[in-house]
Amino acid sequence: GKAHAGLLDWNKSLADLTVAVSREPDNPKYRIARGEVYLQNRDLARAIEDYTRAVEIQPGFAAGFTQRG
C-alpha cells in the first residue's frame with residue numbers, strides 16, 4: 001500500500017490497502033494509511049470514515065485524531 005503511494009500510484013495503493021483492511025479490519029494502521037490515500041484522491045468522506053474507525057478501534061491511537069482533525 002504505502003510503497004505504491006510513494007510512487008504516486010494511488011489506485012494500486014488503495015487496492016492494496018483495501019485488501020489489507022478486509023483481512024485485518026481492526027488494524028488501525030491500515031485504516032490510517034487508506035485514509036491518507038483517500039485524502040490524496042480528495043475523497044474526504046471516506047478518509048474521515050477510515051480515520052474515525054481507527055480511533056474507534058484504538059481510542060489512544062494518536063494518528064487517527066491527528067489525521068481526522
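In helix 3, the buried residues are Pro-28, Arg-31, Ile-32, Ala-33, Arg-34, Gly-35, Val-37 and Tyr-38. The model described here is predicted.

At the start of helix 3, the backbone nitrogen of Lys-29 has a side-chain oxygen of Asn-27 within 2.9 Å. After helix 3 comes Arg-42, with a positive phi near 60°.

| Helix | Residues | Span between end C-alpha atoms | Expected span at 1.5 Å a residue |
|---|---|---|---|
| Helix 3 | 13 residues | 18 Å | 18 Å |

In helix 4, Ala-47, Asp-50, Tyr-51, Ala-54 and Val-55 are buried. These residues lie on the same side of helix 4, because they cover an arc of only 140° around the axis. An α-helix has 3.6 residues a turn, so residues three or four places apart point the same way. The face turned away from the buried side of helix 4 carries the exposed residues Ala-45, Glu-49 and Glu-56.

Which residues make up the largest nonpolar core? This core has 9 residues: Leu-14, Leu-17, Ile-32, Ala-33, Val-37, Tyr-38, Ala-47, Tyr-51 and Ala-54. Two or more of its residues come from each of helix 2 (10-23), helix 3 (28-40) and helix 4 (44-57). The most come from helix 3, which gives 4 residues. In soluble globular proteins, nonpolar side chains tend to be buried together.

Leu-14 belongs to this core. Leaving aside residues up to four places away in sequence, Leu-14 touches Arg-34, Val-37 and Tyr-38.

Terms used:
Residues numbered from 1 in each chain as written. Predicted model: local features only at pLDDT ≥ 70, side-chain atom pairs only at ≥ 80, totals over all residues. Heavy atoms only, no water. Core = buried A, V, L, I, M, F, W, Y, C linked by side-chain atoms within 4.5 Å. Buried < 20%, exposed > 50% of the residue type's maximum accessible area, 1.4 Å probe, protein only. Contact = heavy atoms within 4.5 Å. Expected span 1.5 Å × (residues − 1). Polar contact = N/O pair within 3.5 Å; in protein donor to acceptor, adjacent residues only side chain to side chain. Arc of directions from axis to C-beta.
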